[in-house]
Amino acid sequence: MSPVVKVVQPVGLLDRTKVGQFEREISSYLAEGAEIVLIDFQDVSFMDSSGLGAIVAAIKTVQAAGGKLFLCSINTQVKMLLELAGLDKIMKVFPNREEFEKHVLSKPD
């Protein structure tokens, strides 16, 4: 049976004005039974420290629910923030959604 996967796809800025909505979306998906949460940053142009804090909170929330959290499609600015915070060492970041699906969702042959 395939795991329940939910995708969070923030748009524009991930800053203090959007963090509440972001966190509510993740909590809602977990309440619906999500086992894997993918945060797709394809449409995020900028993330500040509030957004970084939301990522840390998301990691804790998803792990506490017994799930797994992955990121994909991050831009250079987001990548630098993740590296500065050391988050790139504790979570898997995929270049795009296709790579996520290939490595996480496809069954071994």
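**Inside the fold**

A: This is a predicted model. Its largest nonpolar core has 26 residues, and those touching the most other members are F22, I26, I39, F41, M47, I55 and L69.

Q: Which elements give two or more residues to this core?
A: They are α1 (19–31), β3 (36–40), β4 (44–47), α2 (49–64), β5 (68–72) and α3 (76–85).

Q: And where does the largest share come from?
A: From α2, which gives 6 residues to this core.

Q: What does F41 touch, not counting residues up to four places away in sequence?
A: F41 touches L14, M47, I55, L71, C72, S73, I74 and V78.

Q: OK, what about a second core, which residues does it include?
A: There is a separate one of 6 residues, and among them are I36, L38, F70 and F100.

Q: Changing topic: where does D15 lie?
A: D15 sits in the loop that links β2 (12–14) to α1.

Q: Is D15 buried or exposed?
A: D15 is buried, yet it has no salt bridge. The nearest side chain of opposite charge is K18, 6.0 Å away, and a salt bridge needs the charged atoms within 4 Å.

Q: Over to E25, where is its place?
A: E25 is part of helix α1. E25 is partly exposed, since its relative accessible area is 25% and buried would mean under 20%.

Q: What does E25 touch, again not counting residues up to four places away in sequence?
A: E25 touches V7 and V8.

Q: How many residues apart in sequence are E25 and G53?
A: They are 28 residues apart in sequence, and from C-alpha to C-alpha they are 15 Å apart in space.

Q: Now the strands. How many residues of β5 are buried?
A: β5 is mostly covered, with 4 of its 5 residues buried.

Q: How many bridges join β3 to β5?
A: There are 5 bridges, and the two strands run parallel.

Q: What does the chain cross through from β5 to β6?
A: The chain goes through α3, making a β-α-β crossover that is right-handed.

Technical notes. Residues numbered from 1 in each chain as written. Predicted model: local features only at pLDDT ≥ 70, side-chain atom pairs only at ≥ 80, totals over all residues. Heavy atoms only, no water. Core = buried A, V, L, I, M, F, W, Y, C linked by side-chain atoms within 4.5 Å. Buried < 20%, exposed > 50% of the residue type's maximum accessible area, 1.4 Å probe, protein only. Contact = heavy atoms within 4.5 Å. Lys, Arg positive; Asp, Glu negative; His and termini not counted. Pairing = 2+ DSSP bridges. Right-handed = clockwise from strand over helix to strand, strands pointing away.
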